[in-house]
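Please walk through this complex one chain at a time, then look at where the chains touch. Keep the sequence and the model open side by side.

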Amino acid sequence: MIYNTNLLNFFFVCIISLIFLKKYCLAEDLISGYHFSEPSTQKIQDDDFLNPGFIWVENGEFLWNKKEQTSQLSCKSCHGASSEMTGVALKYPKITKKGDLINLEQQINICRNENMGAGTYEPESKNLLALSVLLYYQSRGLKQDIKINEKNKEYFNLGKKLYFKKIGQMGLSCNQCHDERVGQNLRAEKVSQGHINGFPSYLLRWSKIASVHKRIQFCNEQARAIPFKIFSKEYNALQLYMTWRGRGLKIETPAVRK
Amino acid sequence: MEKLKRNTLKKLLVLLVSSIVKVSYSNGNPYRDRFQSYRQTFRIEPNPIETERIINNIIGEKKITKNLVDLQVPDTVEDGNVVPLTFKINCSMKKDDYPKKVHVLALDNPFPEVAIYEFFPENGNAEVSFRCRMRTSSFIMIIAEMNDGRIGKEKKYVDVMLGACS
Amino acid sequence: MEKLRRLKYKKIVKVGENVKIKTLAEHEMETGVRRDNITGIIYPRLIIQSVIAKYNGKIVFKANWFSGVSANPYLAFYITAKESGLIEIEWKDDHATTSYKRGYLKVINEKGNEVLPVKHDL
């Protein structure tokens, strides 16, 4: 066989230059919030014993196996051991049969209320976050991939609209910082890409685990906007969009962030 | 004449009031909070004289030995709530050569004393790591009181991006 | 729910080895200078005052803490392994409530036999 070496060389150069263009000029790579934090913070996350988030994981494990007085049921009696829940957290936020969008914490509350006959937990309460962290922890290392289909298309569009909407006294939208000013300094902190692959994560500023909704509320307060309520339709839609936006990133829960 | 008198009196009064306000503001009196919305913390100003007194109380007139303490802290930390800190006392940990007490001080904290560790010869290695809080960027000081009366001192500067409340 | 305490170390060690003992306690470590955003009530101070480590009943390490120690406090220190025995860690609160965590440390000599704290003849 006779190869046209000139043509081959030309193709080779073309492919290499395309790869470089993709990697350095377009900069579409997703970077986890882990890489925006200081080495001292990264070190805390790397070690499972140093990481205070594991207190919540262990508490969640305790709650998972605890039988409720009312129905003599625990989470374990239906779902099996917590280690069997691998990959479950990736499907959330999810559409219910009624057509509402709910996240994992709401699902835990629904499960407790309807199937176990026990009372629901307060939003942002320690027990609810402990169970949520436990379930996200089971899919640590797996990649975020959420499918957008006919059912959740409407919520996805709402989330996308909210992401690009200018809010508050400052007139800021999410994308102005987390897309356009990534890596720059916002007072003392570096602007990350705003992915939620580490949530619910241990936030050093409050010394406790915070959920996605609580973190977005805080972000909104910084932009001097009136935040929505936790578990509101808007935040669930935004969470859906942000999960879709970070598809391909690995789950890091319980992550340690500033 | 009458007008001038009144004016000077007015000026004096303004001066007096402003000086009183200035003094009370600079002391960081908590009454200031009555006019503002409640902040998350009330300020207790760090007191350098008090810090000096604490250090002098520990050291006294003893001599400082060099290269006794190894201190590892990151140069910059993101949040003052969690400053990882590791120190090691270079000694043989025999019956006559071990640190009795080790003080950890963060000099610009409202309460500068952070922790006191007591060692025994059974420890084998006088190394401790823990996490402390810091109000602002300041020095962290380790003072080791050895069993035989020697004193080891080491301090390092830590940059804190966001201060903790303590 | 009871507050969580964690204790971790190398379970089987040789005689004379320095064992690193890591502890983590779940505690808010309220400093006493924080106040509620809305009501303005000052939260009273509530911290862990002291941590005491015992090895076979003898105190081998002691930590006295003040309000400058961060929440969910982590502490790591060393002890020299002499004989098998119990490692007990005791955390003491401002309210003088104590919590314990204990574990067994197995020490072996060069031949691979366990070194027991009590001598006995068969």
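Start with one residue pair: A:Leu203 has A:Arg257 as its bridge partner in β7(A). The model here is a predicted one. That pair belongs to a contact between strand β5 (residues 201-203) of chain A and β7(A), where two bridges join the strands and the direction is parallel. The two strands are part of an open sheet of three strands in chain A, ordered β6-β5-β7, and its pairing is mixed. Which strands stand at the edges? They are β6 (208-210) and β7 (256-257) of chain A. Each has a single partner strand, so one side of each is left without a neighbour in the sheet.

Now step back to the whole of chain A. Its secondary structure holds 10 helices and seven strands. The C-alpha trace spans about 80 × 55 × 45 Å along the principal axes of chain A. How many of its 258 residues count as buried? The share is 34%. Take the contacts in chain A with a separation of 6 or more: 72% of them are between residues 24 or more positions apart.

One loop residue of chain A is worth a stop. A:Gly99 sits in the loop between β1 (94-95) and β2 (101-102) of chain A. Is A:Gly99 buried or exposed? A:Gly99 counts as exposed, because it has 10 C-beta neighbours inside 10 Å; the cut-off for exposed is 12 or fewer. A:Lys151 is 52 residues away in sequence, yet the C-alpha atoms of A:Gly99 and A:Lys151 are 7.7 Å apart.

**Chain C, strand by strand**

Move to chain C. Its secondary structure comes to eight strands and zero helices. From the N terminus on, the order of elements is β-β-β-β-β-β-β-β. The radius of gyration of chain C is 18 Å, while the globule rule gives 14 Å for 122 residues. The value is well over the rule, so chain C is more spread out than a compact globule. The box tells you the dimensions: the C-alpha atoms of chain C fill roughly 70 × 25 × 20 Å, taken along the principal axes. Of the 122 residues of chain C, 29% count as buried. Among contacts in chain C with a separation of 6 or more, 56% come from residues 24 or more positions apart. As for confidence, the mean pLDDT of chain C is 90, and 98% of its residues reach 70 or more.

Next, follow β8(C). Strands of a sheet pair through backbone hydrogen bonds, either parallel or antiparallel. Strand β8 (residues 98-108) of chain C runs parallel to strand β2 (residues 12-14) of chain C, and three bridges join them. In that region, C:Ile12 has C:Lys106 as its bridge partner in β8(C). Strand β7 (residues 85-93) of chain C pairs with β8(C) in the antiparallel sense, over eight bridges. Find C:Glu90, and you will see C:Tyr100 of β8(C) opposite. β7(C) and β8(C) form a hairpin with four residues between the strands, and there C:Ala96 takes a positive phi near 60 degrees.

**Where the chains meet**

Chain C touches both of the other chains. How many residues does the contact with chain B take? It takes 29 residues from chain C and 32 residues from chain B. On the chain C side, β5 (58-65) and β6 (74-80) each supply at least two residues. By class, that side of chain C divides into 17 nonpolar, nine polar and three charged residues.

Strand pairing crosses this contact too. Strand β7 (residues 127-132) of chain B runs antiparallel to β6(C), and two bridges join them. B:Phe130 has C:Leu75 as its bridge partner in β6(C).

The contact of chain A with chain C takes seven residues from chain A and 10 residues from chain C. The side of chain A that touches chain C has four nonpolar, two polar and one charged residues.

Finish with chain B and the overall scores. Chain B is divided into domain 1 (2-34) and domain 2 (48-162). The C-alpha centres of these domains of chain B lie 44 Å apart. For the complex, the predictor gives an ipTM of 0.91 and a pTM of 0.83.

Notes. Residues are numbered from 1 along each chain as its sequence is written. Chains are lettered from A and ligands numbered from 1 in the order in which they are written. This is a predicted model: local features need pLDDT of at least 70, side-chain atom pairs count only at pLDDT 80 or more; totals for chains, interfaces and linings use all residues. Domain bounds come from an automatic or database domain assignment. pLDDT is the predictor's confidence in each residue, from 0 to 100. A residue is buried if 20 or more other C-beta atoms lie within 10 Å of its own, exposed if 12 or fewer, and partly exposed in between; C-beta atoms are placed from the backbone. Two residues are in contact if their C-beta atoms, placed from the backbone, lie within 7 Å. Ala, Val, Leu, Ile, Met, Phe, Trp, Tyr, Cys and Pro count as nonpolar, Asp, Glu, Lys and Arg as charged, and the others, Gly among them, as polar. Two strands pair if DSSP finds at least two bridges between them. The radius of gyration is taken over C-alpha atoms; the globule rule is 2.2 Å times the number of residues to the power 0.38.
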